[in-house]
Amino acid sequence: MNHDNTTGTVFDGAQPLVSIEFDAFYELYHQRYLDYARAQLTLNEPEDIQELVETVFVNLGEDWDRILQRPNPAAHAWGALRYVVDHEHRHRGEVLKLVERAVFVEAERNTVRSMFGALEDNLGILQALKQLPARQYDALLLTKFLNYTAEQAGDVMGVNAKTIRALVHQARARLTPNLLHVAAPVTEKD
């Protein structure tokens, strides 16, 4: 998708897609949607992720007038992005980029023996994250891993900051038993 700065209209090829309202939506959410997609899709080339997000915006733009009639257009758009990212994620059979990074960082800092422990711990965290409801997972990802404020995360997901804080609190409560198990000290047998 190209942006023609002289008119402010979002273009796909040579055709104007929609309206000034959509242009503003695109400007506000494009980078945030890219951040989310990049955090989720590890094996894709950056150009593929860019194209995936652009496709979401093209689809939103084609149906923008109807989306504006919904009670919460931002939440609808977030759902569209999440659906496409989830589909791509399942299609590729990927694991979370954040957990992969954690495993390799931990492996660099530890000996071979503790590296296997770190891998097991991080796989446990991955399993726990996979069990979270979608909204809790997204709120946690946006605020704790992508460092968005509750207000920014709320804007992206189409909810208020108080809801984001509640979702993060709920996610942490769900994760705590798993994280305590992961963080339990390892004892050596004689």
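**Helices, rings and salt bridges in a predicted model**

Q: Is phenylalanine 25 buried or exposed?
A: In this predicted model, phenylalanine 25 has a relative accessibility of 8%. Buried means under 20%, so phenylalanine 25 counts as buried.

Q: Which residue forms a tilted aromatic pair with phenylalanine 25?
A: The structure holds 12 aromatic pairs. In one of them, the rings lie 4.9 Å centre to centre with 45 degrees between the planes. The pair links phenylalanine 25 in helix α1 to a residue in helix α3, 39 residues apart. That partner is buried, with a relative accessible area of 3%; the partner is tryptophan 64.

Q: How many Å apart are the end C-alpha atoms of helix α2?
A: Helix α2 runs over residues 46–62, which makes 17 residues. At 1.5 Å a residue, the helix should span 24 Å. The distance in the model agrees with this, because the end C-alpha atoms are apart by 24 Å.

Q: Where does glutamate 151, the salt-bridge partner of arginine 165, lie?
A: The closest N and O atoms of arginine 165 and glutamate 151 are 3.7 Å apart. The pair links distant parts of the chain, 14 residues apart. Arginine 165 is in helix α9, and glutamate 151 is in helix α8.

Key. Residues numbered from 1 in each chain as written. Predicted model: local features only at pLDDT ≥ 70, side-chain atom pairs only at ≥ 80, totals over all residues. Heavy atoms only, no water. Helix = DSSP H or I, 4+ residues; strand = E, 2+ residues; numbered from the N terminus. Expected span 1.5 Å × (residues − 1). Phe/Tyr/Trp six-rings, centres within 6.5 Å; stacked < 30°, edge-to-face > 60°. Buried < 20%, exposed > 50% of the residue type's maximum accessible area, 1.4 Å probe, protein only. Salt bridge = Lys/Arg side-chain N within 4 Å of Asp/Glu carboxyl O.
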